[in-house]
Amino acid sequence: MGQHAPSEHPTGGASEPILSRFVLAPQLRFVYAQFMHTRFGAAPLPLGAWIKSILVAMTILPVMSVERWWRVRKARRAEESERRAFRTRWRA
């Protein structure tokens with residue numbers, strides 16, 4: 001009962017560090033690699049933009065965590081309700 005697949009785990013499972021490497025590394029390459037600047041017209045982000053991005057992430061991540069907790073809690077309650085109904089049917 002306490003086991004979850006990584007995608008269902010309330011904390012996101014073990015795949016989060018791997019995904020962040022695959023997302024963050026290309027993003028940083030795009031922002032800071034000179035050949036990307038000339039090809040796509042990109043530019044390095046100033047410190048202020050990084051601070052704003054981090055502040056936004058710091059507000060979004062807790063909201064997403066609460067939503068994920070609520071979704072898992074709701075699924076567990078539905079599962080428990082189904083089990084109770086199943087037991088009730090078989091006792092009668």
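Aromatic pairs come first. Two are counted in this predicted model, where rings of Phe, Tyr and Trp (its six-membered ring) pair if their centres lie within 6.5 Å. Planes under 30 degrees apart count as stacked, over 60 as edge-to-face, and the rest as tilted.

Take Phe30 and Phe40. Their ring centres are 5.7 Å apart and the planes stand at 50°, so this pair is tilted. Phe30 sits in helix α1 (residues 15-32) and Phe40 in helix α2 (residues 34-40), so the pair ties together parts that are 10 residues apart in sequence. Phe30 has a relative accessible area of 31% and is partly exposed; buried means under 20%, exposed over 50%, and partly exposed in between, with a 1.4 Å probe and protein chains only.

Now Tyr32 and Trp50. The centres of these rings are 6.3 Å apart with planes at 10°, so the pair is stacked. Tyr32 belongs to helix α1 and Trp50 to helix α3 (residues 47-91), so parts 18 residues apart in sequence are tied together. Tyr32 is partly exposed at 42% relative accessibility, and Trp50 is partly exposed at 25%.

On to the whole protein. It has three helices and zero strands; helices (H or I, at least four residues) and strands (E, at least two) are DSSP runs, numbered from the N terminus. Of the 92 residues, 8% are buried. The accessible surface is about 8200 Å², with 67% belonging to carbon and sulfur atoms, by the Shrake-Rupley method with a 1.4 Å probe.

Residues are numbered from 1 along each chain as its sequence is written, and side-chain values use heavy atoms, without hydrogens and water. Local features need pLDDT of at least 70, side-chain atom pairs count only at pLDDT 80 or more, and totals for chains, interfaces and linings use all residues.
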